[in-house]
Structures are given as structure tokens and as C-alpha cells.
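Subject: Structure handover

Hi,

Here is the structure for you to look through. My notes follow below it.

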Amino acid sequence: MIDPNVVLAGRRWDERLSNARRQKRRPLLSDERWRVAVDPYGSGAWERRISWGGLGEPMEEPILDSEASSSWIKTLELVCSTEYGHSPVSGDVDIEVAFADALQPIVNKVWTRLEKSALDAGFHDSAAAGLRKALLHRLSELVSWPLGHIFTGSQSLADIAFAHIADDRPAGSFKTKYVEFCNLLVNSGFRKLFREFPVTGRLMATSINNWSDANAEFLNRLKADRTQIEKDFGIPRDAPITSLTSGLSDLHRGGRCVEIIGFPDDHFLVYKPRPVEIEAHYQEFVAAISALLPNDPLRSLKVLSCEGYGYVEYVHVQAALGPEELVAFYVNAGRILALLYLLGATDCHWENMIATSDQLLLVDAETLFEGNPYATKNADTQAKASVFHGIEDSVLRTGMLPMWISIGSARTID
């Protein structure tokens, strides 16, 4: 049974206040921290705030009071009911992920939400493992610090390692304590974690829900688009999916991110969970310009634009093979720089461009056609404004070329 105090502590304050207003009662506070935050000087501001809201005496808040909150609470119940060693999915624990021993049982249990959809979409075990690994990493990023704090107490991991060396303890003895800690943590429903860091429970549950919803959407789309993918990219519709690399971009719109889908014979496809019309138009423009140049030198990528999402041809990183190809690379890079400058592009840094053979390709065209605002400057700042606008009007604005940026008065970075 989930601890009601964990649920209450994990709720956002606006949810609690909204529920209190509906019932014309004050939200129940477990301590005085909210009161102190609102009225640190004891001037009566807290009581005035409560009276302005038309709230009466404190109430015992129900656990479930809205459709929105019930979703994460139900998932938190799933987390708390997980047993150590719950492993319907084969595969070893990823020892490179912090506290994977405690989190992998949750991932395995949550996987049942997507297992059938992944199978229907043609996922092999190796590709399904990529989906699960992405969730494991997300959860580890959320809880590794608080779990580390609980596990080591006031000691750092370095302190513990040095203590083991000084005591001449055998290798692996600390691992035993770690496994025991993970076992107790999971089988207790993560009680100690959620009591000391109560918002962590809500964050974990929300992250799991986001992962589930985003990947259910992705799998359904992929299954429906296989015929068009075969037509546009030449990947047979019945080709199995042998790998999946997730988490290659920042998370947006409820935990969605770029995925690289792997097929047999070293074929890959990039799935983007956002509109890709601008990518398609940019690639068409590159192809049109290249046709006007000698030998049609610039490579353009295939793009399949769907409603609200799309697929883009995958680019393998490859070094130039020999001096002639290297010279061609820099010539073509200059051509791409000219196109991006013409199109008002920014953010064309190393993560958004890929070098392959004699080509430098832009693989994220979201920042095309960005405006260049000018603010009115007074006489004292005119010189600085002139330099600033000079940079903004130059090819440096694209981000393709080295450009030093000042961070305070003591440091600059490229």
C-alpha cells in the first residue's frame, strides 16, 4: 500500500490549493515550511492569503482528487509494489548505470505496457533492450543523487573506497552491501527514498508515464508508416528492427526525443517526434542549388514528413579518404556555410552537423530563418553595438565557425 504522506508531499502546491478551494477548506500541511515561506516575518500574511482564498478550517486531503493526479499516483503504486528480482525480461543489469540494480526491476515491470506494441512493430529483443535502457537512464538521472546520499550518508564514494583500502577489505565486499541496499530499497517500496525526498516519487512516476506514452505513440506510428518508409527509403516493410538508440536529443513535449532505428544490413533511420517540413524544404533547396554547381557536388537527405513528426535519412560519420576528398570537404563546407548564412540559420554547431566523406551535412534545420532583432542603442553603447551587429550580420552567426563567447569577465569559450 502506498504511503498517503508520500502522495501528499509529491503533489504540486497548485493542485493542493485547487482542491482545497473546491471544498472551501485549507490544505493540510505536514509542517510549517509553507507558512514560513509565505510569511517569514510572522506579519499575518499567511492568514490573509488563506482568507482571501475563502478557505476555512484545515481538511484531510483525499489521495485521489482528480484525473490528472490519479495517473502518476497509479504509476507510483506500481513502483512501490515492485519486488527485487522481478525480471520477466531477460538480460543482465547495466552495471554502468547508477543504482541499476534497484531500478531495473521497475523497468522490467513497466515494460509490460509496451511489450505487445513493440512485438507488433517488428522489434527484435536487441531493439526492445534499447527502449528499456532509455528508461533506465532516465530514472537513474532522477534518483542517483538522493539514493547516493542515502547509501553513503555523509561519506563520499571516494571516502568509502579509501576506507576499504585502508582496512584491507577484499574486493567485492562493498558490492555486497550495495546489493543488499538495493534489495531492501525495492522490497520496502522505496520507502526511505520517498520519505526523505518525497517529490522524487512524483518525478519517477511522471517520467515513467511520459516514456510509456511517447514510445507507445512512436511504435504505433512506425507500424503504420512501414509501407511509406519502404517507398521513400528502400527499407523493406517486413525488415525486422534490430536496434534502437534513444535519448539522442533533449526531452520535449512530454518526454519525447529523437530515436535512431536500426535494420539489418547496416540500415538506419532517424525518427523525429516533431514536424519536419522545414527539414524537407531545406533538403530540397540544397538539391536545387547543387544541381546548378559543377558535378552536382552537394548531398541532400531524404525526408518523410508526416503530421506532427517524420523520418530522416541516417548519416554515417566518415573521415575523408585522402587529400582530394579532404579538399572537396572544405569546399563543400564553404558552400553549405553560404547557404545557411543566406537562410538565416543559427545553432549549426558540431552536434547539429555531421561530417561524412567530402560532405558536411546539417541534420537539424529547426533554426533556419531566425530573425535578427536590433535594439535602439544610446551613444555610450554605439561602439559595442556596432561590433555586435557586425558579428550578427556575418557568417559567424550560423555557429559553424569558431567564435569566442565571453562568460563573465574572466572566461571565454569556443
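In which helix does leucine 203 lie? Leucine 203 lies in helix H12, residues 199-233. (Helices, H or I of at least four residues, and strands, E of at least two, are DSSP runs numbered from the N terminus.)

First, the ground rules. This is a predicted model: local features need pLDDT of at least 70, side-chain atom pairs count only at pLDDT 80 or more, and totals for chains, interfaces and linings use all residues. Residues are numbered from 1 along each chain as its sequence is written, and side-chain values use heavy atoms, with hydrogens and water left out.

Now the helices. Leucine 203 is partly exposed, at 42% relative accessible area. (Buried means under 20%, exposed over 50%, partly exposed in between, with a 1.4 Å probe and protein chains only.) Helix H6, residues 100-110, is mostly covered. In H6, 11 of 11 residues are buried, including Leu103, Ile106 and Val110.

Next, the strands. S6 (residues 353-356) and S7 run antiparallel, joined by four bridges. (Strands pair if DSSP finds at least two bridges between them.) Methionine 353 stands opposite leucine 362 in S7. The two strands form a hairpin with two residues between them. In the turn, serine 357 has a positive phi of about 60°. From S7 (residues 359-362), Gln359 and Leu361 point one way. Leu360 and Leu362 point the other way, and all are buried.

Last, a charge. The charged end of arginine 132 sits over the ring of tryptophan 111, 5.1 Å from its centre. (This needs NZ of Lys or CZ of Arg within 6 Å of the ring centre and within 35 degrees of the ring normal.)

Best wishes
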